[in-house]
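Thanks for coming, everyone. I will walk through one model today, site by site. Here it is.

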Amino acid sequence: MKFAIIADIHGNLEAFRVVLNDAQKQRCTHYACIGDVVGYGANPAECLALVRKMGMPCVKGNHDEYCSIDEQTEGFNPAAAEAVQWTRKQLSEDGRQWLRDLKYVRMVKNFTIVHATLDGPQRWGYVFDKLAAAASFPYQNTPVCFFGHTHVPVAFIRDSMVRGGTYSKFKIEAGKKYFINVGAVGQPRDGNPKAAYVVYDTVEGTIELRRLEYDIAAAQKKIRDAGLPERLAERLAYGR
Ligand code: ZN
């Protein structure tokens with residue numbers, strides 16, 4: 001069984017379409033979504049409709065949360081807060097309700113998905129280093145857990161200690177636990193502007209990070225035309 005694991009689509013329909021195309025070419029038969037379907041990009045409603053139509057299991061991201069409620073946005077920088085306000089107006093009440101109903105943590109087949117961390121999935125902490133990953137592992141009840149939120153693809157492995165690093169393809173080994181960030185579809189921040197997602201082959205036990213070129217200029221133009229902050233368009237080109 002081949003899963004496409006996708007995170008942080010962020011309303012970037014150009015990147016999302018390219019990822020779904022590639023997943024098909026890679027013969028993925030199943031999908032899982034790590035959250036932040038909306039926020040930042042100019043096509044939140046379209047991306048949400050696709051995720052729903054495909055019926056993929058999905059967990060809630062911080063942008064999904066803030067775009068689906070009416071409360072004041074806390075802890076967001078001004079550009080993100082402005083995008084939240086704009087995104088709220090683009091979504092139907094039905095779409096917002098669907099986002100509100102998402103769970104923070106889910107089991108899919110034999111693995112777990114969570115947007116931010118397992119030790120406080122509703123606190124939206126960021127796992128950038130071994131220390132933060134080590135705090136999540138005690139709450140991980142499956143050998144493999146996928147997460148997002150930082151938009152930086154990196155894998156943490158726990159055996160006798162916790163190690164971490166970048167990856168392209170590796171095999172899951174018995175007796176170890178893996179906490180894997182699949183990178184961002186719609187707004188990469190590791191200095192590589194290509195859209196990212198992971199192919200998880202549950203039979204072979206392999207994890208493969210895919211990086212794909214997409215029409216960045218088209219996504220940028222939509223952001224500018226929508227009157228969203230210029231920085232949100234600019235950063236797509238740098239992957240920061
Ligand atoms: Zn995000």
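Start with Thr142. Setting aside neighbours within four places in sequence, Thr142 is in contact with Met107, Asn110, Phe111, Thr112 and Lys177. Contact here means heavy atoms within 4.5 Å.

A word on the ground rules. This is a predicted model: local features need pLDDT of at least 70, side-chain atom pairs count only at pLDDT 80 or more, and totals for chains, interfaces and linings use all residues. Residues are numbered from 1 along each chain as its sequence is written, and side-chain values use heavy atoms, with hydrogens and water left out.

Back to Thr142. Thr142 sits in the loop between helix 6 (130–136) and strand 5 (144–147). Helices (H or I, at least four residues) and strands (E, at least two) are DSSP runs, numbered from the N terminus. Is Thr142 buried or exposed? Buried, with a relative accessible area of 5%. The cut-offs: buried is under 20% relative accessible area, exposed is over 50%, partly exposed is in between, with a 1.4 Å probe and protein chains only. The Thr142 side chain also makes a polar contact with the side chain of Thr112, at 2.6 Å. A polar contact is a pair of N or O atoms within 3.5 Å; within protein, one must be able to donate a hydrogen and the other to accept it, and residues adjacent in sequence count only if both atoms are side-chain atoms.

Next, the metal. Which residues coordinate the zinc ion? Asp8 (OD), His10 (NE2), Asp36 (OD) and His151 (NE2), at 2.1 to 2.4 Å. Donors are N, O and S atoms within 2.8 Å of the metal (3.2 Å for Na, K and Ca); water is not among the atoms, so sites may look incomplete. Along the chain, the donor spacing reads D-x1-H-x25-D-x114-H. Angles among the four donor atoms run from 86 to 176 degrees, and the site is irregular. Four donors count as tetrahedral if all angles lie between 85 and 135 degrees; four count as square planar and six as octahedral if opposite donors are over 155 degrees apart and all others between 65 and 115; anything else is irregular. Asp8 and His10 are both buried.

Now the helices. In helix 2 (44–54), the buried residues are Pro44, Cys47, Leu48, Leu50 and Val51. They fall within an arc of 160 degrees seen down the axis, so they line one face of helix 2. The arc is that of the directions from the helix axis to the C-beta atoms. Those buried residues pack against helix 1 (13–25), helix 4 and helix 5.

Helix 5 (residues 93–100) has Gly95, Arg96 and Leu99 buried. Their arc is only 100 degrees, which puts them on the same side of helix 5. Their cover includes helix 2, helix 3 (62–68) and helix 4 (78–90).

Arg27 and His149 are worth a look. Phi of Arg27 is near 65 degrees, positive in a residue other than glycine. His149 is not a glycine either, and has a positive phi of about 80 degrees. Arg27 lies in the loop between helix 1 and strand 2 (30–33), and is exposed at 67% relative accessible area. His149 lies in the loop between strand 5 and strand 6 (154–158), and is buried at 3%.
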